Amino acid sequence: VLQGNFANYAKGDVWVKVLGELLGEGIFAVDGDRWRTHRKLMSNMFSRNLLRHSATVTRNKLFDILDLFERRIAEAGSPENGFNVDLQDMFFRLTFDITTIVTFGIDLESIQSEEQHRFTRAFDELSYLCQKRFLDPLFQIKTLFRLTWRERRIRALKGIVDEFAFEVIARKRRSAYEGDQEDLLSRFIDHGIKTGEETSNSELRDVVMNVMVAGRDTTACALSWMFFELSRHPNVVQKVAEEVERICGKGDCAEYTYDTMAKLQYTHCVAMEVLRLHPPVPLDPRFVIKNDVLPDGTKIPGGAGITICFHAMGRKDNVWGDDALQFKPERFFNKTEPSPFKFPMFNAGPRICLGKPLALMNMKLAMSILLTSNFQFEDKGWSFRRILWTLVESMQNGFEVNITKKDLQQSSQ
């Protein structure tokens, strides 16, 4: 499905119909020549230079979060008790800022803002309402005649998102000849100028929206589940902190860069284990073009829909052993990285995620900076976190934690 007979298992036109206002005809929604063209362009963009630039952006944004925590502690009535924060919301703000800087070259400053940018709010609501269509067999009729509030709202939100996107694209086109610019949108425009194959504004808009969905939502979910597991495994936190301080250094002398992140072995295993148990994209639906027979003999008729559940694959004991449900980063330590068909959390085959190195780097940066800071994170409720299933696997009702300063806790003991 993912490689051997890849061409027979397509996204189909359902994705474009359901998510068209959000993703357009971008890389995540299409098949065939259009997908190959976008894939080739995107693969050229994800260079080592982009990763280095992204590492700098992520590091700076993580320090913005620490500054915010410092202010919130100072404002707290009783600093020793800290304050509560929805860490999942904070990570969505973090990854939105990172993605807009890396993609657009624009900082929307979501972390510091009480109310998020108009584009941010429209993007979130548009994504949520479009996904509702998957459960509505009559959505095409409703869309055509704008019969419901949802469809009228989707149209209005698309206008807000497009207005912002096209304004940024026009600005980037005007500055295209001013020299090297590091954001992804400028790289696309520059590539078109150099090759004589300029990408239309509409195509650039679709590219940008697809990168936004992939870069923000998936990484934010991964970071949230990562701290969910870390809050329950203090021994893992200690091992990560010790490795980070040994490789990156301590305090103001610490170096959190692309190169130092690549040297973190145990911390990398923690990221992999989080993704095994909590894949940000839990499902991969495909549509069968022609009759086929799976390796186990199962017959699949043409026109059928099938779904691969990565969430279940990461928890199967016949694949991962009797301890499959346990959080155990050591299962990856000093081991050859598993095949993407055993560990398909970044997909596998021709559609394997181009952003895999970027996502893993950002997860390691978050652990490195936040876990070695003067703040500690505690999920006092230790409650079961219900999964919110959409295009991504997030936590329903967020992830509220209590944040205190380590030095205050130590002085009070």
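## Stop 1: Arg 133

Select Arg 133. Leaving out residues up to four places away in sequence, Arg 133 touches Lys 17, Val 18, Glu 21, Phe 139, Thr 143, Arg 150, Glu 151 and Ile 154. Contact here means heavy atoms within 4.5 Å.

This is a predicted model: local features need pLDDT of at least 70, side-chain atom pairs count only at pLDDT 80 or more, and totals for chains, interfaces and linings use all residues. Residues are numbered from 1 along each chain as its sequence is written, and side-chain values use heavy atoms, with hydrogens and water left out.

Now show the side chains of Arg 133 and Glu 151. A polar contact of 2.6 Å joins them. A polar contact is a pair of N or O atoms within 3.5 Å; within protein, one must be able to donate a hydrogen and the other to accept it, and residues adjacent in sequence count only if both atoms are side-chain atoms.

Arg 133 sits in the loop between H5 and helix H6 (139–145). Helices are DSSP runs (H or I, at least four residues), numbered from the N terminus. Is Arg 133 buried or exposed? Its relative accessibility is 1%, so Arg 133 counts as buried. The cut-offs for relative accessible area are under 20% for buried, over 50% for exposed, and in between for partly exposed (1.4 Å probe, protein chains only).

## Stop 2: His 117 and helix H5

Go to His 117, in the loop between helix H4 (87–104) and helix H5 (118–132). At 31% relative accessibility, His 117 is partly exposed. Leu 108 and Phe 164 touch His 117, not counting residues up to four places away in sequence.

Next, select H5 together with H9. Their axes come within 12 Å and cross at roughly 85°. H5 is therefore roughly perpendicular to H9. Axes are lines fitted to C-alpha atoms, for helices over the stretch in contact, and angles run from 0 to 180 degrees between N-to-C directions. Under 35 degrees counts as roughly parallel, over 145 as roughly antiparallel, 65 to 115 as roughly perpendicular, and the rest as oblique.

Which residues of H5 and H9 make the contact? From H5, they are Phe 119, Phe 123, Asp 124 and Ser 127; from H9, Met 209, Met 212, Val 213, Arg 216 and Asp 217. Colour by class: five are nonpolar, one is polar and three are charged. Ala, Val, Leu, Ile, Met, Phe, Trp, Tyr, Cys and Pro count as nonpolar, Asp, Glu, Lys and Arg as charged, and the others, Gly among them, as polar.

## Stop 3: helix H9 with H8 and H15

Keep H9 (residues 201–230). Leu 184, Leu 185, Phe 188 and Ile 189 of H8 meet Leu 204, Val 207, Val 208 and Val 211 of H9. That contact has eight nonpolar residues, no polar and no charged.

The axes of H9 and H15 come within 10 Å and cross at roughly 45°. H9 is therefore oblique to H15. On the H9 side, select Thr 219, Ala 222, Leu 223, Met 226, Phe 227 and Leu 230; on the H15 side, Ala 359, Asn 362, Met 363, Ala 366, Met 367, Leu 370 and Leu 371. This contact has eleven nonpolar, two polar and no charged residues.

## Stop 4: Ser 368

Stay on H15 (residues 356–371) and select Ser 368. Ser 368 is buried, at 0% relative accessible area. A polar atom of its side chain lies 2.7 Å from the backbone oxygen of Lys 364. Beyond four places in sequence, Ser 368 touches Val 244, Tyr 256, Met 261 and Leu 264.

## Stop 5: the loop between H14 and H15

Select Pro 329, in the loop between helix H14 (317–320) and H15. Pro 329 is buried, at 1% relative accessibility. Leaving aside neighbours within four places in sequence, Pro 329 contacts Val 236, Tyr 266, Cys 269, Val 270 and Glu 273.

Finish with Asn 334, in the loop between H14 and H15. Most residues other than glycine have a negative phi. Asn 334 has a positive phi of about 55°. Asn 334 is exposed, at 67% relative accessibility. Asn 347 is in the loop between H14 and H15, and its phi is positive, near 65°. Asn 347 is buried, at 14% relative accessible area.

Note on methods. Helix = DSSP H or I, 4+ residues; strand = E, 2+ residues; numbered from the N terminus.
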